[in-house]
Each structure stands twice: as structure tokens, then as C-alpha cells.
Amino acid sequence: MSENINSNQSTSVQEELKSEVDIKQIVFQYLKYWPWFVVSVFICLSVSFIYLRYTTRIYKTATQIKILKDEGGLDLSGLQGSAPLFDWSRINLENEMELIKSRRIAQKVINNLNLEITYFQSGNLKASEIWKNEVPFLVEWSNEEDFKNMPGSYEVTFTSLTKFELYNPETNFKKTFNPGETVDVEDKRFVIDFNPNFDGDLKSIIDSPFSFSRRSKESLEASFAGSLKIEMLGEGSEILDISISGQNPQKNEDVLNTLVSEFNEDGVSDKRLVAKRTEEFVIERLAFLVNELDTVESGLVDFKKVNDLITLETSAGEIITKSNQAELKRYEVLTQIELTESFKEVILNQDEFELLPANIGIDNSNLNTFTESYNQKIIERQKLMVSSTKNNPLIIEANRIMKRLRDNILNTIDGYIKSLNITLDNIQNREQVFDRNFGQLPEQEKQFRIIRRQQAIKEKLYLFLLQKREEAALSNAITAPVIKVVDFAYTSDSPISPKSRVILLAGGVIGFLIPFGILFLAFLLDTKLKSKDQIKFYLPNIPIVAEIPMRKKEENTIIESNERSAVAESFRILRTNLNYLNPKKSDHKKLPEGQVIMVTSTTKAEGKTFVSINLANALDFTSKKVLLIGCDLRNPQLHTYLDLKKDHIGVTNFLHDDSVKFKDLIFKNKMKDSKLDIVLSGQIPPNPAELLMSERFEEMINAAKAEYNYVIIDTAPTILVTDTALISKFANSTLYVTRAGLTDIRLMPHINEFYKDKKLINIGLIINGLPESGISAYKYGYTYGYAYGYGYAYGETPSKKKFWKFW
């Protein structure tokens with residue numbers, strides 16, 4: 001049980017180590033290309049810096065305002081404890097937001113700040129917008145009514161303080177004018193003159209390029225709402241956050257501050273309409289009462305003259321006192337009746353959606369409340385009509401409520417007049433009782449009292465209306481604002497576009513991802529052999545006996561005895577590793593003295609002939625008798641290394657013709673400083689497989705083994721033909737050549753199949769064509785690992801230059 005646990009733990013540790021090695025391998029696979037990453041990141045960051053340097057910066061400017069509730073302004077009625085039937089003071093922020101974005105408000109802001117014309121100062125690669133005191137000149141347009149959107153812009157360059165050059169890049173118009181002169185070009189008339197509020201030195205603008213463009217007010221009004229961003233600061237909040245974005249922070253702040261001011265002034269004007277309508281009504285009634293009062297007073301004078309009266313005696317006693325009290329009460333009732341009937345006449349004669357005079361002295365709380373509610377609804381409807389049509393559900397609902405309120409007002413007036421008439425009848429009945437008691441008084445005194453009564457009514461009404469006129473004027477003068485500015489327009493120091501940190505970070509990330517993506521695709525799509533680790537992964541049970549670097553162009557293809565190159569040393573290592581690859585004699589008692597080594601590969605061009613001839617040379621340098629046989633009967637390449645003809649006598653001749661002797665095939669001393677014997681393939685036969693299956697081939701191999709210590713056989717590729725499998729039974733070991741950058745790793749299962757099925761004897765793998773260092777090493781993703789060792793072995797100290805070249 002404990003052994004199983006230890007075994008499981010050991011397996012788990014091995015898997016973790018393997019996973020860690022795989023991750024490290026992937027990381028180091030990419031790290032070999034670190035110059036690519038450095039260059040790519042540097043280029044992308046440089047592009048980011050250039051973009052940030054020459055891209056126009058956009059700033060965000062914001063302001064916050066609080067919408068104030070309508071508290072009813074100045075209370076002119078003097079009524080206490082009265083409350084409206086509906087709470088019309090509730091704020092609809094969505095309506096206020098639409099009103100702020102309306103064309104009417106936009107038109108006021110555009111006219112106030114003259115936003116039709118935009119000025120720019122041109123730089124090397126970009127033009128910056130300038131505003132107010134930054135602008136050295138101003139443009140005044142003449143034909144305002146005929147103006148349309150100007151295509152493009154005009155460039156202005158002052159050649160001196162008395163001349164400037166005007167240029168239109170789109171039409172190629174170019175001409176020189178004087179400041180203050182009327183410019184009449186391209187159906188446009190305008191004047192360019194110096195700005196008296198310019199902060200800088202006018203001499204500094206000479207030869208400095210400027211430009212200006214103009215848009216019509218209609219197009220500006222249409223785009224103004226889109227440039228504004230209005231949000232509520234929170235649910236249930238009465239504070240609006242208004243923001244705008246643009247190149248020039250000062251311009252943004254001026255636009256927002258002006259917008260807030262115009263919006264407040266518009267709301268104040270709406271609130272003043274009620275007070276203004278009340279004042280107009282009072283003035284009209286005063287003009288009428290002046291005439292009536294003059295008539296009454298004239299009648300009193302005539303009455304005194306006719307009746308020869310100078311003073312009137314006051315009635316005595318309790319009856320007269322009660323009579324006077326009844327009269328006073330009747331005065332009040334008559335006053336209320338007259339005011340109420342006048343008010344009803346105004347309602348019936350004016351338009352349906354016109355404001356009503358408020359607080360004119362009618363002593364009825366319900367009537368005053370309905371009047372105030374009706375006026376508030378009229379104002380709200382007018383605001384809705386700014387951004388809506390008559391078919392809007394809100395407008396229809398408001399019309400319905402106003403009609404109901406108007407009906408309530410008329411019904412209340414009728415009821416109030418009816419109640420006043422009843423009260424008046426009661427008072428008159430009481431006066432009739434008193435009048436009967438006054439029968440004994442002179443008729444003249446009675447008539448005099450009637451006249452005085454009319455005079456008192458008119459005087460009281462006149463004084464009352466004078467007071468109301470002053471109150472209405474005061475209310476108009478002290479109208480409260482509709483908003484409170486929480487924060488005036490302010491601009492953040494950092495621009496909202498371009499975002500420097502984001503762009504620099506994006507540049508670095510893109511700079512890293514570009515080579516990473518290229519390498520990832522290259523690694524993903526490239527199925528060629530890259531390294532020794534790949535062979536170990538796919539063929540873990542087959543030993544690797546040699547790693548042969550790529551032969552330099554200036555070096556000979558065939559190694560020499562005293563050569564100190566990396567290629568020569570790799571073949572010496574291969575020669576040493578053969579001792580561990582070949583079987584011991586005790587395992588094969590009938591094994592002859594000569595060792596047969598077969599060299600093959602999967603496909604052509606992997607370097608099996610190159611390996612065969614150089615391995616044979618390396619063995620020959622040890623004073624062994626070595627024979628190299630070319631058995632690639634279909635595509636022989638051995639003759640090219642010896643400068644011989646392809647159809648020279650060779651193996652095919654021996655196998656086909658019994659008269660040919662084995663010794664006739666051997667070429668001796670064909671290479672410099674080498675005693676290597678060579679047998680070529682001979683002429684290309686039509687049936688190479690049948691020839692290799694003949695007894696003559698076994699006879700040739702036995703003859704070679706009897707005479708030579710090593711017999712190296714250069715065979716055909718295994719994936720193309722069966723020739724190699726036919727030869728393998730005569731070999732003591734097989735050197736299987738793969739080539740970096742050429743061998744497809746998808747063919748590794750093919751090699752493993754030969755190993756598992758034992759179709760090839762004692763297989764040892766060779767990796768050919770490894771780059772030593774430099775660009776080739778980066779191209780294939782690895783380097784040949786013996787460069788430092790050789791330098792040390794032969795007493796050479798690599799210089800710094802060679803060291804950096806290696807890396």
C-alpha cells in the first residue's frame with residue numbers, strides 16, 4: 001500500500017516537473033527573439049508618442065446647477081392658510097433638460113458669443129483652436145441673410161501689420177488685402193481687422209499662419225444639442241450636471257456659463273408673465289374708475305348746489321348706528337360683486353390659454369387657489385410647447401387639466417356671486433327696515449347719503465387697485481431665479497482625448513503582441529523540426545547519437561583529419577557514440593568482425609549522404625579500414641562528393657552482372673588525406689528492390705565485412721521506397737538522419753513505427769543542419785551547443801564581439 005502511495009507521489013512530482021519544464025521551454029522559445037520584442041515595443045511606443053504629440057487634445061468642461069422649485073413668489077393676496085388643490089411645484093427634470101437643449105436657448109448662446117466663426121492657429125502638423133483674447137484678428141460678415149455654410153476654411157497670413165494674405169485651399173483662391181478692407185470674394189463679403197482685446201504682441205503674428213471657418217446659425221443650432229451632455233447627479237436629485245467637450249477650455253467654460261445664464265433668464269421671464277398680466281389688468285381698471293369717481297364727485301357738487309346744502313347732520317341714536325353698519329357691510333359685498341363680475345368678464349373675453357390676473361382682491365380662497373393653479377399650468381404648457389407639439393400626450397393632459405380648472409373657476413365665480421347676492425338681499429332687507437325709520441328725515445339728506453355711498457365705494461376700490469398696482473410692480477421686480485449655480489463651469493487639467501496612459505499602454509501591449517502573434521503563428525503553422533527536445537518528446541526511447549551543425553559555405557563539405565570546426569568535432573562525437581550503439585559480441589556469437597552501419601532518413605535532402613561520407617572519414621582517421629557503399633539506387637548522391645559520373649560502375653553492376661567482382665567496385669584514396677574506400681551505386685536500375693533481394697547483395701555485404709572494420713551503407717529514404725527495409729537485416733546499427741528546419745515532425749510516428757516493429761536495427765538519431773549562432777539560429781529557434789566548448793578545448797578565449805554574436 002505504501003509503495004503504491006510513494007509511486008503515485010513520484011508520478012505526480014514528475015508530472016509537475018514536466019509541466020514546469022514545458023512552460024520554461026515555451027518561455028525560452030519566445031525569449032530567443034527578445035530583440036524583435038524590444039524593436040517592436042520601441043516602434044509602437046514611438047508611434048504612440050508621435051500620436052500624442054500631434055493629436056489635438058480635447059478637454060471636458062462641466063457645470064452643475066440646481067433647479068429651484070416655484071414657491072409662488074410674493075404673496076399679494078394676504079390670504080393665510082390657503083393651499084392649492086394640486087402640487088404644481090414638483091420639478092420635471094427631463095423637461096428642463098430638453099429646454100436647455102432647445103434651439104431657442106442655443107440661438108441665444110450663439111448670438112451672445114458669436115460662435116458662428118471659429119479661429120485656428122496653424123502649427124507644423126496640426127491647428128489649435130483659439131478664442132477671444134487669443135485671436136489677433138476678427139472677422140465681421142456682411143451678408144448675414146444670404147450666408148450658407150462655408151466650405152473648408154480660409155487661411156490668413158499677415159505678411160506685415162498692413163497686409164495679409166487670404167488663401168482658400170479648396171478653391172486655390174489666393175489674394176492680398178489690407179486690414180479693415182472689405183473682402184469681396186467667392187460670393188462672400190467680410191472684413192478682417194485687428195482684435196483690440198488681443199493679449200499678445202501684434203508683431204509676433206507676422207508670417208504666422210492662422211485660419212478661420214464659419215457655419216450658419218441653423219447648422220450650429222442643430223449641432224449644439226448634440227454637443228451637450230446633461231445628466232442628473234442622482235435619482236431624486238434636483239441638480240443637473242451639464243458638460244461639453246472641445247479643444248479650447250476657455251471657450252467651453254464661456255459657452256456653459258452663458259448657457260446657464262440664458263436658461264435662468266428664460267425661466268425668470270416666464271415667472272414675470274403673471275405679474276405683468278396682473279399689472280395690466282389693474283391699470284385698465286384704474287383708468288375706468290377715475291372716470292366713474294369723477295362723475296360721482298361732480299354729482300355730489302351739483303346736489304349740494306341744487307339743495308343749497310353746506311354740511312350734513314349726523315343721525316343720532318341707535319337706529320342710525322345700526323343703519324351705518326349695514327351700509328358698510330353692503331359696501332363690502334358690492335365691492336366683491338363688482339370685482340368678481342369684472343374677473344368673470346376677463347375670463348370669458350380672453351383666449352383659452354392666456355394667463356389670468358391673480359390676487360386682485362376677491363375674498364374667496366378657493367377662487368384664488370384655482371387661479372394660481374391655472375396660471376402655473378399655463379406656464380408649464382408654454383415650456384412643453386418649446387420642445388413638443390400639440391399632439392404630445394403631456395400637452396393634451398395639460399389642456400384637459402386647464403379646462404377643468406377654468407370650469408372650476410367659472411363655477412366658483414357663479415357660486416360666489418350667488419352667495420354675495422343673497423348676502424346683499426339680506427342687507428337690503430335690513431336697510432329697508434332702517435329706511436322706514438328714516439322717513440322723517442329730509443329727502444335731501446337721503447339723496448346726499450346715496451351719493452356719498454357711491455363716492456365711498458369708488459374711492460375704496462380706487463385705493464385698493466392703486467395698492468395692487470404697486471404690489472404687482474414689486475413682484476415683477478423681485479422675481480426669484482429658477483436655478484442656483486452649484487459650480488460654475490470648470491475644466492479638468494488632463495484632456496479626455498487622447499488618453500496618454502491608455503495610448504502608451506496600448507502601444508506597449510501592441511508592440512509586444514505583434515512579434516508574439518507572428519511568432520505564435522509561425523510556431524503554430526511551422527511543423528518542421530526545431531530542436532532536440534522535440535525529438536525526445538516524440539521519440540523518447542530512441543537515443544540521439546549526434547547533433548551536427550550547419551556547414552558554412554566557405555568550409556569544405558567533407559571534413560579533414562586535422563580540422564577544428566564544429567562540424568568535424570560533431571562527427572568525432574558521433575564516432576565515439578557508435579561504441580554505445582553497436583551490440584556486444586556476446587549477444588551475437590556468429591557476428592563477423594566488420595560492423596555494418598546503415599545511414600538513412602525519412603525523406604530526401606536531410607543529409608544522409610553527407611553524414612555517411614563524413615562518418616566514414618571520421619572512422620578512417622582512427623586507422624580503421626572503412627568502406628562506404630552507396631545503396632541509394634534510385635537517387636544516388638555519393639558521386640557528387642567525388643566529382644564522378646552517376647553511371648560509374650557500382651552496386652547495381654555487381655548485383656546484375658555475375659562477372660563483376662567485388663574488388664572491381666572499390667575506389668581507393670579518392671579524397672585528400674583519407675584512405676577511405678568507396679563503392680558507388682552504379683547505374684539507376686528499373687527494379688532496385690528486386691536487386692537488393694538477390695543473393696549477390698548478401699554476398700557483397702559479407703565480403704565487405706570480412707575485409708573492413710566498418711561498412712557504412714548510404715541507403716534510400718524510408719518513406720519513399722522499401723529499399724532500406726530490405727538492407728536493414730544486414731546492418732548492426734542504423735543511423736537515422738533528421739534535419740533541422742526540413743524534417744516534418746508529423747513524420748516522427750513513422751520513425752517510431754520502425755523502432756517498435758524492429759524494422760530497423762539499433763536505431764540512433766542524428767540531428768543535422770543545426771545553426772551555430774546568429775540570424776540562422778533565431779530563424780530556427782535554437783543554436784548548436786558546442787561553440788563555447790570548442791573555444792575552450794582548443795585554447796581560444798572568445799572575444800566580447802564573438803560572445804554577443806553568439807547570443
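**Sheet, surface patch and cysteines**

An open sheet is built from six antiparallel strands, ordered E3-E2-E10-E5-E6-E7. Strands here are DSSP E runs of at least two residues, and helices are H or I runs of at least four, both numbered from the N terminus. Two strands pair if DSSP finds at least two bridges between them. The edges are strand E3 (127-130) and strand E7 (173-177); each has a single partner strand, so one side of each lacks a neighbour in the sheet. Neighbouring strands are turned by 30° against each other on average, direction ignored.

The model is predicted; local features need pLDDT of at least 70, side-chain atom pairs count only at pLDDT 80 or more, and totals for chains, interfaces and linings use all residues. Residues are numbered from 1 along each chain as its sequence is written, and side-chain values use heavy atoms, without hydrogens and water.

Within the sheet, strand E2 (residues 117-122) pairs with strand E10 (residues 209-214) in the antiparallel sense over five bridges. Phe120 has Ser211 in E10 as its bridge partner.

A nonpolar surface patch comprises Ile23, Val27, Phe28 and Leu31, with about 380 Å² of accessible area together. Nonpolar side chains are joined within 5 Å. Areas are Shrake-Rupley values with a 1.4 Å probe. Ile23 lies in helix H1 (residues 2-31). Ile23 is exposed, at 51% relative accessibility.

Cys44 is buried at 14% relative accessible area, and Cys631 is buried at 0%. Buried means under 20%, exposed over 50%, partly exposed in between. The disulfide count is zero, taking cysteine sulfur pairs within 2.5 Å.

Terms used. Buried < 20%, exposed > 50% of the residue type's maximum accessible area, 1.4 Å probe, protein only. Axes fitted to C-alpha atoms, helices over the stretch in contact; angles between N-to-C directions. Patch = residues over 30% accessible without salt bridge, like charges linked within 9 Å, V, L, I, M, F, W, Y side chains within 5 Å. Salt bridge = Lys/Arg side-chain N within 4 Å of Asp/Glu carboxyl O.
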